[in-house]
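My entries follow in the order in which I looked things up.

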Amino acid sequence: MLDGTTAEIKPREALRINPAKTCQPIGAMYAALGINGCMPHSHGSQGCCAYHRSHLTRHFKEPVVATSSSFTEGASVFGGLANMTQALTNIFTIYNPKIVAIHTTCLSEVIGDDIPMMIKKAIEEKIIPEGKYVIHANTPSFIGSHVTGFANMVTGMVKYLSESSGKTEAQLKEDAQLNILPGWLDPADMREIKRIANAMGVKYVMFPDTSGVLDLPQDGRYRMFPHGGATVEQIKSSGDSIGTIALGHFTSHPAAEKLDEKCKVPAALLEMPFGLTNTDRFIHALRTHGGVDVPGSIGEERGRLLDAMGDMHQYFHGKTVALVGDPDQVIALTQFLTELDMKPAYVFTGSPGKHFEERVKEILKDQSPDAVVKQNADMFELHQLIKNKSVDLLIGNTYCKYIAHVEQIPYVRFGFPILDRMGHRYFPSVGYTGGLRLMERISDALLDHKDRTCPEERFELIQ
Amino acid sequence: MNSVTARDLPPVLIELLPEREKQIIRRGGGSAATAMACGKASTAGAVSQRACVFCGSRVVLYPVADALHLVHGPIGCAAYTWDIRGSVSSGPQLYRNSFSTDLQEMDVIYGGEKKLEAALLELIAHYHPKAAFVYSTCIVGIIGDDVSAICKRVQEKTGIPVLGVHSEGFKGTKKDGYKAACDALYKLMGTGDTSDIGPHSINILGEFNLAGEAHIIRDYYKRLGIEVVSTLTGDGRVDDIRRAHGARLNLVQCSGSMTSLAKMMERDHGIPYKRVSYFGIEDMSAALYEAAKFFSDDPTIMDRAQNLVREEVARIYPELMRYKEKLIGKKACVYVGGAFKAFSLIRILRLLGMETAVVGSQTGDQEDYQQLQEITDPGTIIVDDANPLELANFCLEKDVDLFIGGVKERPIAYKLGIGFCDHNHERKEPLAGYVGMLNFAKEVYASVASPVWQFAPRRARRAVAMPVPASANS
C-alpha cells in the first residue's frame, strides 16, 4: 500500500497523507473518562461519537460510553439547543451519571453553538438535577489535534470545578495536598504515577485518572460508570492544594496555569516522566512540593534502571531512531533516547505546536544536531525521509507498522493508538520501572532483528 | 473468606427511555407481529452504537481498490477510517491510505475549495488512480464548498472520473450514506464497454470482500459457468464498475447498503435484482440456485449448481456436525448493522443447534423486523438501535453464551464472560460460503468453549463460589 511513497520530496500545501494526529473531540472524550461517574457528551453528529468510541475501544479493549447530540439537518440550521436540552434530560434521567462533560465538534463550532449559555439554561430549567454537574470544553476539529482536545477538557475541569474553599494558609499547609496532572497517558501509566506518589507518601489528587475506568478486571459485570476516575470532590479540592505538578507542556500545562490563575496554586511544569532524567525531575518535584523524603524503595528502582542502562549501553550506542507520536510523549522519550546514547534522526509529531520543535532541538543539540524535527507533519513525509536515509529503529503508534513492514526496520510501538498489541494496556512505561520496560522493548527489537537477519557466523549466543 | 456467587450480584438495571420502548419487541407466543418504530434518528443523549452518513458512504466505497478516496474535512474523519475495514484487494492497495484536506480554521472561514482542488490535482498526478471519490464531511455542508463544481473541473483537467459523495454526517443516518455512495457509483456506471459480456452474467452487490469472501463467492459462480462482471464493492475496480450495466442480473447482499443501486440499475438498464445472502449452507445454496434459475435457458448451470452444493456441503458437513454436538443448546445474542445479516445468522445458529435469544440491528426497517418476528422463537428479544446497557441487560437476562457483533460490543461481551464472534469489519477469517460456514462454526466453538469463561463469575456460579473482586463493591 505504500508503493506510492517516493523518496523524492515535493512540497505539499493542501494535503495530508496518512496522518499522525486526529481531531480534538476524541482527546476531550478520553480526558472526560478520567472523571469518576462521568458521561462524555459529543455535541455534534452521531458519527463523531461512534468513531471516537470505536477508536478508544480498539486501543484499550474496554467498553467506552459516550452520548451524542445526534445532530440532524434541522439542528444544523436552527442550532443545537433543542438537541442539547433533550440530550441532557435523557442522560440524567436514564444513565444518571454524576457529571456530564460536553465537548463540541466541527459542526457545532461552525454553526456557533454557545455551550455555556445552553448549560446555564439547563440549570435554570432544572434539567440538571441537584448535586449533578455539567462541564464543557470547546474542541473544534479544525484547530490543533486530539492532544489539544485533551488539554482543553482538563482545563475545562479546572474552570468549572476547581475552587478555593477559603481555608487559611496554615490549614492548607497542614493538609499539604498536591495536584498531579498526568497529561495524556494510558491507564497503566496513570496507575504507576499514583503508585510512585503513594510510595513517596505525598497526599495528592490526580486528574484526569483513567485507571479503574479503562483497565477493568473481568468480574462478570458491565458497568457504565466504573469505580475509577477522579471524583468531582477531588477535582474541586484541587483549588486548595499547595502545588500542582503538571506533566507535559501540551496536555497538562494549560490546565495547571489556569489553576494557578484561578486558585493561586503554584505549578511545577514538568515533562512526562519517561526515562531517567524526567523521572528524577518528577520525584524531585514530589519531594520538594510535598515536603517528603524519597523512600529507599524508589531509590532502588532508580538504581535498577541505571544498572540496566549500564549493562546494555553497548547495544544502544549510536543507533539511529525515527520517533513519531504526540508531542509530550515524544519530547520526553527523546530525552530518554539520548540518555541511552541513541541518535534520534527524525523526530515527528502530527500535532501543531512550535514548542515541540524548539524543545526537541534543544534536547538534541549536542548529541544529534542534524536531526530532522517537525511538528504538524504526517507519516507519509516521515516515510519519505526514511526512504532517503533509513534508521536502525522506528518508534511510534500502530500506524507506523506499514513503514516498519515495507522498510524492514525494527519497530517499537509507543503512543496512541496501539490497535494491534496488548502490553500498553497493562504495563506502564513511565517512572524508573517503566523505563526498564521501554529499554527491554527497544533492545529486544534491535537484537531480534539482528538475530533474524545476520549471517550465521555473526549469530551470537550471548548478548 | 468473603465470597459471593454471580447469582447474588444485582442485575444491570436500566430504565428504558420512553421513546426506546417502541424500538424493543419481546416476541410473544402468537403470530401477531408488533410494529417496530425503526428507521428513526437516534434520540439525542442516547448511547447509540450507530454512526453517521459519512460512515455509511465510506464503508461502501472504501473497497474500490484502484480509486483515490479523499476525505474533505478536518482530519478526524480520515483518521478514524484509515484502513479499518478488512476488505482485501487482490491487486492495488491505494485505497488503504488515508487522504485528507485536513481543513484548518482559515479554510473554515474562507472556504476549502482551493485546497480541495489543489489536493485532488496533487494526488491524481502522484498516484494516477482510475477514479477519485471525494467525501464531504459535516462542515463542508455548512461552509458551502461547491464540491460538485470542483470535482467537475478536476475531472476535465485530469481526464479521470472525479465523483463527489454527498456524505455530510448530519444529513440523515448511515443508510443515507449508503445511498450517497450508490449515487456516486452509479455515475461511474454506463461508461465502460459491455460488448464482450456474455448472456450469463451477474454483478455481486453488497459484498465487501472482508477476509477475502468475495473471492470465494466469485469462484462459486465461475464454477457454475456464470460470468461475474463486477463486485460492488469488494476487491472493486473502477473499470469493472464502469461496465457493470452490461450484466444480466444483480445479486444483492447486505440489503441495507446496495438495494438503491440495484433499483437504479433496474430502472435504467432493465437489470433485475435478487436479494441473497452468502452466510450459511441454506442461504449460500439458495444464492447459487437463484442465479441458476434465472439463467434457466442453460440447464447445465443448474446441474453444476446442484453438484457444487452437494460437493461443498459434503466436504464440510461431518466436521460441522462435530461442532454442533458441542454447541447444541447454547444461546446467542446477535447485534449487527443490517437486519438481513441477522436473518442468515439466526438460520446458521439454528443449524449449529443454537438458539438466538436476543437479536437487533442498527439499520433494520419495518419489513425486516416483521420478518425477524416470524423466524425467531417465542421469547426472543428484538431490538432496534440498542445501547450497551440494554444489550448487556438482555444478555444476562437470557444468559447467552455467545455475542455476535462489532468492535464496540466485543469488550462488553468479554466483561460479562460471554464468547464473541466479530461478524463485522474486523473478522479475520472468511465467514461467507461453505468454507465460511465451517470457519464460523470453528470461531464460535473456539470462543464459546474457551476455558477462560469457566473462570468468569457468571459461569463460576454453576460450579464454585468465588472471591469478590474489590471493584465489585463500588
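**Entry 1: a loop residue in chain A.** Where does A:M422 lie? I found A:M422 in the loop between β14 and α18 (431-453) of chain A. Helices here are DSSP runs of H or I of at least four residues, strands are DSSP runs of E of at least two, and both are numbered from the N terminus. A:M422 counts as exposed because it has 9 C-beta neighbours inside 10 Å. For burial I used C-beta atoms placed from the backbone: a residue is buried with 20 or more others within 10 Å of its own, exposed with 12 or fewer, and partly exposed in between. I also checked A:M422 against A:E358: they are 64 residues apart in sequence and 33 Å apart in space, C-alpha to C-alpha.

**Entry 2: ground rules.** I note that this is a predicted model, in which local features need pLDDT of at least 70, side-chain atom pairs count only at pLDDT 80 or more, and totals for chains, interfaces and linings use all residues. Residues are numbered from 1 along each chain as its sequence is written, while chains are lettered from A and ligands numbered from 1 in the order in which they are written.

**Entry 3: confidence.** The model scores ipTM 0.95 and pTM 0.94. Chain B averages a pLDDT (the predictor's confidence in each residue, from 0 to 100) of 89, and 89% of the residues score at least 70. Over residues 1-14 of chain B, pLDDT stays under 50, and the model has 28 contacts beyond four places in sequence for them. A contact means two residues whose C-beta atoms, placed from the backbone, lie within 7 Å. Residues 463-474 of chain B also stay under 50, with 21 contacts beyond four places in sequence.

**Entry 4: chain B overall.** I counted 18 helices and 16 strands in chain B. Of its 474 residues, 58% are buried. Among contacts between residues at least 6 apart in sequence, 74% join residues at least 24 apart. The domain assignment (bounds from an automatic or database assignment) gives domain 1 (3-32 + 328-460), domain 2 (53-188) and domain 3 (201-312) of chain B. The centres of domain 1 and domain 2 of chain B, taken over C-alpha atoms, are separated by 35 Å. Their contact takes five residues from domain 1 and five residues from domain 2.

**Entry 5: strand β13 of chain A.** Which way do the residues of β13(A) point? In this strand (residues 393-396), A:L393 and A:I395 point one way, A:L394 and A:G396 point the other way, and all are buried. In a regular strand the side chains alternate between the two faces of the sheet. I then looked at the neighbours, where pairing requires at least two DSSP bridges between two strands. Strand β10 (residues 320-324) of chain A pairs with β13(A) in the parallel sense over three bridges, and A:L323 stands opposite A:I395. Strand β14 (residues 411-413) of chain A also runs parallel to β13(A), joined by three bridges; there A:Y411 is the bridge partner of A:L394. From β13(A) the chain crosses through helix α17 (residues 401-407) of chain A to β14(A), a right-handed β-α-β crossover. Right-handed means that, with the strands pointing away from the viewer, the path from the first strand over the helix to the second runs clockwise.

Entry 6: Helix α17 (residues 433-448) of chain B has 16 residues and reaches 22 Å from its first C-alpha to its last, close to the expected 22 Å. The expected span is 1.5 Å times one less than the number of residues. In α17(B), 12 of its 16 residues are buried, among them B:Y434, B:F440 and B:V448. Their cover includes α8 (213-224), α12 (299-327) and β15 (419-422) of chain B. Helix α7 (residues 146-160) of chain A has 15 residues and reaches 21 Å, close to the 21 Å expected. It is largely enclosed by the rest of the structure because 14 of the 15 residues of α7(A) are buried.

**Entry 7: backbone exceptions.** Most residues other than glycine have a negative phi, and most peptide bonds are trans. I found a cis peptide bond joining A:F207 and A:P208, with omega about -10°. The bond from B:L232 to B:T233 is also cis, with omega near 0°, and B:T233 lies in strand β8 (residues 227-233) of chain B. Phi of A:N96 is positive, near 50°.
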